[in-house]
Amino acid sequence: MNDKNPKSSSGKFRKWFKRKHKKKQPDPYYLQDELSDGDDFMEDIYVSSLEIDPCTSTNELRIFVGTWNVAGRAPVGSLAVDLEEWLKPQDAVDIYVLGFQEIVPLKTRTVIGAEDPRKATNWNLLIGKALNESSGCPWLTPMLNPISSDSYHYVRNPGLEKRASFSAICDNTRMRGKPITQHRHHQQAVIGGSKYKLMASKKMVGVFISVWMKEELVTKYSVSNVKVSSVACGIMGYLGNKGSVSVSMSIERTSFCFIAAHLASGEKQGDEGRRNHQVSEIFKRTSFPRSAKDEHNLHPLTILGHDRIFWFGDLNYRLYNLEDNLARHLIQKKDWKALQEFDQLRREQEDGGVFQGWREGNIEFAPTYKYSSSNFNRYSGGVPSRSGEKQRTPAWCDRILWYGKGVKLLSYLRSEIKFSDHRPVSALFSTQIEVNKSSNPRIFSKDTIVPNIMPPEQIIFPLQGTSGNYEEGKATLLSLIEKDTEASSIHTKKL
């Protein structure tokens with residue numbers, strides 16, 4: 001058959017397709033390589049598929065982002081009440097993203113020694129309990145067997161509707177100058193009737209991130225490319241006492257990146273430069289490599305490749321050139337606007353030193369650090385100085401920033417949990433995601449972004465109700481073309 005002959009069925013289809021897609025708005029889920037005149041045409045389809053097209057719509061998600069430095073304290077049972085107060089589980093929140101710092105004491109043994117996965121497991125157990133039991137959902141022990149790794153990510157398992165699959169994935173992290181490879185380990189988690197499902201979790205020494213999503217949304221939307229990464233940039237630039245752990249994930253056609261960080265401490269002049277350098281290193285060294293299975297699923301490889309990015313943690317930026325007694329006086333007056341004039345992070349942003357173009361909510365709460373270890377109701381130090389207490393000028397060390405369009409801040413506040421020398425901080429966001437209008441998983445693979453390149457005459461039109469036969473699919477499609485049916489009807493028309 002001569003495909004170029006306009007009287008032939010294939011030629012007729014080619015002519016119709018080019019006429020219908022002059023604006024380059026093809027649907028890559030049902031168009032494949034037989035339509036192409038060459039590689040340039042396929043490249044055009046891929047580029048166009050990244051733009052908003054008639055086959056997508058936008059839905060709203062609400063994301064809770066929280067950060068808390070727990071000063072090396074273990075998650076005891078009584079902390080569950082405080083967590084519930086901080087997280088305030090409610091229907092309005094679709095995704096919880098929680099970052100912790102110092103979940104282990106930053107001592108030589110914990111920094112240089114092997115990772116202890118039990119710390120991350122205990123925190124996940126406590127978080128799961130706080131999120132689910134307060135919502136009236138029974139929270140079962142989330143792991144059937146002890147997890148022997150500190151890194152987890154969600155893997156979709158269509159055959160098990162009420163099970164969540166977690167796997168510890170290999171994460172080559174350069175620590176102490178040598179790559180560390182974790183063993184791949186698969187576990188099943190039973191979440192009988194739970195409201196929130198653990199999507200990803202990653203620990204590096206004391207830095208820890210945990211991402212949870214509503215069970216009903218995991219079923220409703222296509223969640224793919226859940227990956228983790230860590231960057232150690234502490235002592236000598238490569239130890240894990242400081243650094244970041246990150247999660248990358250895609251919800252339908254929108255990619256998200258969450259970065260929990262713990263940056264260099266210190267309030268001496270020049271310490272801000274060390275923090276800026278660590279931010280630069282985290283940007284440079286965070287990566288989410290593609291595997292063989294990702295051949296046609298081109299998820300972002302770096303932080304800035306994502307659509308929506310959230311960076312949070314104990315960033316350790318202090319108050320710049322402000323005497324301690326004056327800082328405490330402004331705090332007593334609750335003059336946050338005057339105090340922010342001395343905020344080091346905002347000055348560095350304005351001067352172009354770090355986080356250019358990133359946004360943060362207006363700070364209308366007291367500095368979150370440093371509270372006395374003997375009395376968490378007051379800041380450490382002061383005049384007269386108290387014996388055994390560190391003299392630290394209070395500062396907004398714990399921050400939440402974001403980058404990307406389609407994000408709206410709903411609230412930005414701190415909580416009054418008196419568990420450590422830091423107060424936890426949280427932000428609630430409303431964000432938009434692009435959703436494919438056709439949501440029937442039997443019609444196409446929702447994990448596929450770019451059409452497979454197949455040899456000519458081997459295209460398959462995945463129409464519901466057909467056997468997948470090439471000639472049958474072609475005949476059906478040509479029939480639709482004759483009636484000038486809209487391209488989107490190919491997804492929904494039952495034959």
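A nonpolar core is here a set of buried Ala, Val, Leu, Ile, Met, Phe, Trp, Tyr and Cys residues joined through side-chain atoms within 4.5 Å. The views below are taken from a predicted model.

**View 1. The largest nonpolar core around F100 and F310.** This core comprises 85 residues, and F100 and F310 are the members that touch the most others. Beyond four places in sequence, F310 is in contact with I63 and V65, with the run F256, C257, F258 and I259, and with L401, W402, V407 and F429. Another core lies apart from the largest one and has 19 residues, including V231, F288, I303 and W358.

**View 2. The aromatic pair F64–Y96.** Across the whole structure, a search finds 22 aromatic pairs. In the pair shown, the ring centres of F64 and Y96 are 5.1 Å apart; the pair is classed as tilted because the planes meet at 45°, which falls between the limits of 30 degrees for stacked and 60 for edge-to-face. F64 belongs to strand β1 (residues 56–69) and Y96 to strand β2 (residues 95–101), so the pair ties together parts 32 residues apart in sequence. F64 counts as buried because its relative accessibility is 7%, under the 20% cut-off. Y96 is likewise buried, with a relative accessible area of 0%.

**View 3. The aromatic pair F256–F258.** The rings of F256 and F258 are stacked, with 6.1 Å from centre to centre and 10° between the planes. Both F256 and F258 are buried. F256 and F258 are also among the contacts of F310.

**View 4. A cluster of linked rings and a charge over F419.** Ring pairs join F64, W68, W86, Y96, F100, W123, Y196, F208 and F419 into a cluster. The charged end of R73 sits over the ring of F419, at 4.1 Å from the ring centre.

**View 5. R423 over the ring of Y371.** R423 lies over the face of Y371, and its distance from the ring centre is 3.8 Å.

View 6. The protein chain has an average pLDDT of 76, and 64% of the residues score at least 70. Where pLDDT is low, the predicted coordinates should not be read in detail.

How values were computed
Residues numbered from 1 in each chain as written. Predicted model: local features only at pLDDT ≥ 70, side-chain atom pairs only at ≥ 80, totals over all residues. Heavy atoms only, no water. Buried < 20%, exposed > 50% of the residue type's maximum accessible area, 1.4 Å probe, protein only. Contact = heavy atoms within 4.5 Å. Phe/Tyr/Trp six-rings, centres within 6.5 Å; stacked < 30°, edge-to-face > 60°. Helix = DSSP H or I, 4+ residues; strand = E, 2+ residues; numbered from the N terminus. Lys NZ or Arg CZ within 6 Å of the ring centre and 35° of its normal. pLDDT = per-residue confidence, 0-100.
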